[in-house]
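Hi,

Here is the structure I promised to pass on. Have a look at it first, and then read my notes below.

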Amino acid sequence: MEFLLNSIIKKEEWNHFVLENGGSFLQSWEWGSFQQKSGKEVARVCVQEDGRILLTAQIMRYSLPFGKSYIYIPYGPMVSKNADNPPELIDFFVSELRQSNIIGKGIIFLKIEPDENFTPDLTVVGLNKSDKDIQARETLILDISKPEEELLAQMKQKTRYNINLARRHGVEIISIDDEKKAKETFLSLLFETAKRNNFRTHPEKYYVEMTEMFLNNRAAGEIFSERLFFARYQGKIITAALIGFFGGRATYLHGGSSDEYKNIMAPNLLHWEIIKASKHLGFSEYDFWGIATDKTDSRQKQKWEGFSRFKMGFGGRIVEYQGAYDLAFDKIWYNVYRIIRRIMN
């Protein structure tokens, strides 16, 4: 097997492999390019055998205090469905990664967060279960290939009622042609919601750059794209949602709503119309991107309880991910990092 670091593999080949093996947009070439634009170092690793791709991993470097950092593989690495021996492949990948120049000065550990299709046991190759996940451990995925009548039937009665309530009140689902105005409106509602619910957000620049790169990219034939949807009531935009499209899945990435007119239930109608639009565009799944369940940490569960209840009203299947695994390169600094993180949390 060959371990190719930032290899000559082309964007099209990379994305084809990720899509073919049911990968997440977080492992798409485009998402790596966005992370680079946002200031992160990104390395792309490929394992091949006889010219055939067996594994890809998009690795991002995150800064820590004291000049330290860690490297992170979100919903990866991607392993070929046709790999003969996935555990051996992962062992080779980790062994080669240890010796590569990716693990440079100041990097104290590797964090791997597998996606839902990943099966090899990471503990066998020296990784330990992490006490800190980055992505949500559970999400809700709706099969939107079903007829609309069936999708409505599987919803909770209250969700159907709220959809109809919003419609009766005259809520309109719209897009905003002026892209600058659309972004400003979305960000205003996003930060208003985050402040109201004490949610952490990225800096504004992060969302600006993301929408600049991906908004309406589908029309340009790009493999990952985003689209903004808005709900309007009495001439005022009161709810917004940013949806990502990759492979056969539409994903609810970010959203926000005004506290005004909250009894109108506009978010229910907004997401139902997004689901229908995604279905019309040919997507087969809708990922609500993170919920809290009985297995969720109690503090996070309390924080996420409201919007999780909202999401689960639409039905769908709960997907539970393995969570994160860490491999320490510098055990002393890794333990210092864990202690500091516990104190700060």
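A quick word on labels before the notes: helices (H or I, at least four residues) and strands (E, at least two) are DSSP runs, numbered from the N terminus. Keep in mind that this is a predicted model, where local features need pLDDT of at least 70, side-chain atom pairs count only at pLDDT 80 or more, and totals for chains, interfaces and linings use all residues. Residues are numbered from 1 along each chain as its sequence is written, and side-chain values use heavy atoms, with hydrogens and water left out.

Let's start with some loops. Phenylalanine 66 sits in the loop between S3 and S4. Its phi is near 65°, which is positive even though the residue is not a glycine. Aspartate 50, in the loop between S2 and S3, also has a positive phi, near 55°. Why point these out? Because most residues other than glycine have a negative phi, and most peptide bonds are trans. On the peptide bond side, glycine 76 and proline 77 are joined by a cis one, with omega about 0°. You'll find proline 77 in the loop between S4 and S5.

Next, who is buried and who is exposed? Buried means under 20% relative accessible area, exposed over 50%, and partly exposed in between (1.4 Å probe, protein chains only). Phenylalanine 66 counts as exposed because its relative accessible area is 62%, and aspartate 50 is exposed too, at 80%. Tyrosine 70, in strand S4 (residues 69–74), is buried, at 9% relative accessibility. Leaving out neighbours within four places in sequence, tyrosine 70 has contacts (heavy atoms within 4.5 Å) with residues including Met60, Tyr62, Phe109 and Ile134.

Now for helix H1 (residues 11–20), where Trp14, Asn15, Phe17 and Val18 are buried. Viewed down the axis of H1, these buried residues fall within an arc of 160°, so they line one face of the helix; the arc is that of the directions from the helix axis to the C-beta atoms. On the face turned away from that buried side are the exposed residues Glu12 and His16. The buried residues of H1 pack against H2 and several strands, among them S2 (41–49) and S3 (52–63). After H1 comes glycine 22, with a positive phi near 70°.

Helix H2 (residues 29–37) packs with helix H7 (residues 204–214) at an angle of about 140°, their axes 10 Å apart. (Axes are lines fitted to C-alpha atoms, for helices over the stretch in contact, and angles run from 0 to 180 degrees between N-to-C directions.) That makes H2 oblique to H7; angles under 35 degrees count as roughly parallel, over 145 as roughly antiparallel, 65 to 115 as roughly perpendicular and the rest as oblique. Residues making the contact include Glu30 and Trp31 of H2, and Met213 and Phe214 of H7. Glutamate 30 lies in H2 and counts as buried, at 6% relative accessibility.

One more pair to find: helix H5 (residues 157–168) and helix H8 (residues 266–280) pack at an angle of about 100°, with axes 7 Å apart. H5 and H8 are therefore roughly perpendicular to each other. Among the residues that meet are Ile163 in H5 and Trp272 in H8.

Enjoy exploring!
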